[in-house]
Protein chains: 2
Amino acid sequence: MQNVMAVNDLLAQELRKSFDQNKNYVVNLLSSPGSGKTSLLEETIRRLKKDIRMAVIEGDIVGDQDARRIAALDIPAVQINTGGTCHLDARMVKSALPELDLVQVDLLFIENVGNLICPASFKLGEDLRVVLLSTPEGNDKVKKYPLAFRESQVVIVNKVDLLGAVDFNVEQARSDIQDINPRSEVFVVSCKTGQGLDSWVAYLREKVREASRRAG
Amino acid sequence: MQNVMAVNDLLAQELRKSFDQNKNYVVNLLSSPGSGKTSLLEETIRRLKKDIRMAVIEGDIVGDQDARRIAALDIPAVQINTGGTCHLDARMVKSALPELDLVQVDLLFIENVGNLICPASFKLGEDLRVVLLSTPEGNDKVKKYPLAFRESQVVIVNKVDLLGAVDFNVEQARSDIQDINPRSEVFVVSCKTGQGLDSWVAYLREKVREASRRAG
């Protein structure tokens, strides 16, 4: 297992180099199945499409439903099928890159396989790791699956439109996230109503801008 | 990987033998994080407690929150912490058995780690495998995570109290489950309102009764 991780780390560094060369800002999205990763991408893309060139790599066990949702927004989308593997690794991402014209991309999203555990252990050369937690899952999931929250710089609490109908304590979630990772940014959103998305999109826009300034 | 599975299969057979000796009917519960496995256990236990002797093995990465919820119902509960591993395997279950007085147990529940992928590959010597899918996850998860649905005899669609507020098509889910596993039993329930739980509990009660008749 340690050997697997060491090989992955090396490949992730290689990915990082090609992302730097192409001036791509790369976001790795993690969550349980059904927390709303693809919906968040759709809403984010709609809001940034006019001024930022984007592309998406979709990771799924089987099928291409999510890549088709993204392609419907006229954004390049490549589907990776892991064939049973419960996470994306750097090798899989590397194999998808030839299908994208990365020189034409400012912001590359990688949507990981729906799994709150293993994807947190595999670096993909990303600039930013984002974990989603949807309110129906319950705020106890922060403490039960700590690695994903420790290893992500951003936490998006999604589906707050359901707060009246589910048991989820936003303040408890914030406090548990803070305990695990004091530096993480938390956005509380609903991809259905749009609540909170503007702050998330403004944050991301600024990150892409900073990275582009650094790249010169 | 094949070697890992072969070793697990052998250990699962060993578990099966000791469950048979002790006349335990064993249910392995799988789902994504937050689909309601522990809530289903709580509601099932409340309804069966008077006539069936139960015990629970709880699988989690870290912590003992779920075991404490079960112990609050005066049911023996053993917590397994996988320490990062994304599923229970037969070896972990075996290591938990000395903490239970299995001769005094008719029905043993094993609540797997919250993960819709890997737990489906690991036999634990169970009689019945049950997968939960909660409505906020979306009905597309059946086709996106087929192995768990293929390898389970029962599918419990949970949180139907949220149907008005989320995008979940029950008939589509039924049809997709049917395509993947024509013999599976589907129960549509809400652990919050109690809807549908009586049918599930009656089904399980009958399964335990049949097994006990066979064991003589």
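## A tour of the A–B interface and a ring cluster

Chain A and chain B bury about 2400 Å² between them, with carbon and sulfur atoms giving 56% of that area. Keep in mind as you look around that this is a predicted model.

**Stop one: the contact.** Select the residues where the chains touch: 31 from chain A and 30 from chain B. Then highlight A:P33, A:I117 and A:K144, which supply 24% of the area that chain A buries against chain B, more than any other three residues.

For one of them, zoom in on B:K144 and A:D66, whose side chains meet at 2.5 Å, N to O.

Now colour two helices of chain A, α3 (65–71) and α5 (141–144), each of which supplies at least two residues to the side that touches chain B. The most comes from α5(A), with three residues. Colouring that side of chain A by class gives 14 nonpolar, six polar and 11 charged residues.

**Stop three: the rings.** Over all chains, the whole structure holds six aromatic pairs. Select B:W200 and B:Y203: their ring centres are 6.4 Å apart and their planes lie at 25°, so this pair counts as stacked. Both sit in helix α8 (residues 197–215) of chain B, three residues apart, or about one helical turn. Are they buried or exposed? B:W200 is buried, at 1% relative accessibility, and B:Y203 is buried too, at 17%.

Finish in chain A, where ring pairs join A:F187, A:W200 and A:Y203 into a cluster.

Conventions
Residues are numbered from 1 along each chain as its sequence is written. Chains are lettered from A and ligands numbered from 1 in the order in which they are written. This is a predicted model: local features need pLDDT of at least 70, side-chain atom pairs count only at pLDDT 80 or more; totals for chains, interfaces and linings use all residues. Side-chain values use heavy atoms; hydrogens and water are left out. Contact means heavy atoms within 4.5 Å. Buried area is the accessible area (1.4 Å probe) that two parts lose on being put together, summed over both. A salt bridge is a side-chain nitrogen of Lys or Arg within 4 Å of a carboxyl oxygen of Asp or Glu. Helices (H or I, at least four residues) and strands (E, at least two) are DSSP runs, numbered from the N terminus. Ala, Val, Leu, Ile, Met, Phe, Trp, Tyr, Cys and Pro count as nonpolar, Asp, Glu, Lys and Arg as charged, and the others, Gly among them, as polar. Rings of Phe, Tyr and Trp (its six-membered ring) pair if their centres lie within 6.5 Å; planes under 30 degrees apart count as stacked, over 60 as edge-to-face and the rest as tilted. Buried means under 20% relative accessible area, exposed over 50%, partly exposed in between (1.4 Å probe, protein chains only).
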